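Dear colleague,

A summary of the findings follows it.

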Amino acid sequence: MNTKIISYEARRAIQVGYKNHWRFRVVGQGEVPVQPFYKDEWVFEPVNVPQVAQDRIETLKRFGFSFKGFVIAHEAPRLLPAPAPKKQDFKNNQTVGILPDVEALLGNLLKGLLFFLTFIFQVALLDPALIVVLEDGTWLEVMTWYE
């Protein structure tokens, strides 16, 4: 059973979010990072308050919350595996004409397009989240960009 100790301040902030139909959740404990860092395939970057989250931050401030800082967290892009080396048979490579070169060119173009689309697809599926670091050091996720 995974039990997290949630501070009183974090519990109050979650209740404020609940009353406004926002899903806040505690994601950790600690200080505001000075520079980006990686942990468990996630990237955490210190930022200023994004404009899209301004209403949530202002609501929390109205209820008396103060913050140490803000962090954007998103999944680190997965690295593509290296291509497997192909074994080439030089004995039976007696083709004549331009057709094999066109086939190789089209194959390489298709592989390049597939690589590009895979990269764009992975970047588009990253799930960024805004994390507020409360005064007691609780990391509270207040917004994801896919809500």
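Leaving aside neighbours within four places in sequence, E141 is in contact (heavy atoms within 4.5 Å) with R23, F24, R25, V27, A129, L130 and I131. E141 belongs to strand β6; helices (H or I, at least four residues) and strands (E, at least two) are DSSP runs, numbered from the N terminus. E141 counts as buried because its relative accessibility is 10%, where buried means under 20% relative accessible area, exposed over 50%, and partly exposed in between (1.4 Å probe, protein chains only).

This is a predicted model, in which local features need pLDDT of at least 70 and side-chain atom pairs count only at pLDDT 80 or more, while totals for chains, interfaces and linings use all residues. Residues are numbered from 1 along each chain as its sequence is written, and side-chain values use heavy atoms, with hydrogens and water left out.

The protein chain has an average pLDDT (the predictor's confidence in each residue, from 0 to 100) of 77, and 70% of the residues score at least 70.

The largest pocket has a volume of about 370 Å³. Its lining comprises 18 residues, of which V27, W42, F44, I131 and W139 are the closest to its centre. A pocket here is an open set of points on a 1 Å grid over the protein atoms alone, where a 1.4 Å probe fits, with protein on both sides within 12 Å along at least five of seven lines; lining residues have an atom within 4 Å of a point. The volume is the space filled by probe spheres set on the points, which are joined across faces, edges and corners. At least two lining residues come from each of β1 (25-29), β2, β3 (42-47), β5 (129-134) and β6 (138-144), and β1 gives the most, with four.

Two loop residues may also be of interest. E135 is placed in the loop between β5 and β6 and counts as partly exposed because its relative accessibility is 39%. E135 and E9 are 126 residues apart in sequence, yet 8.6 Å apart in space, C-alpha to C-alpha. H21 lies in the loop between α1 and β1 and, at 74% relative accessibility, counts as exposed. The phi of H21 is near 65°, a positive value in a residue other than glycine.

With kind regards
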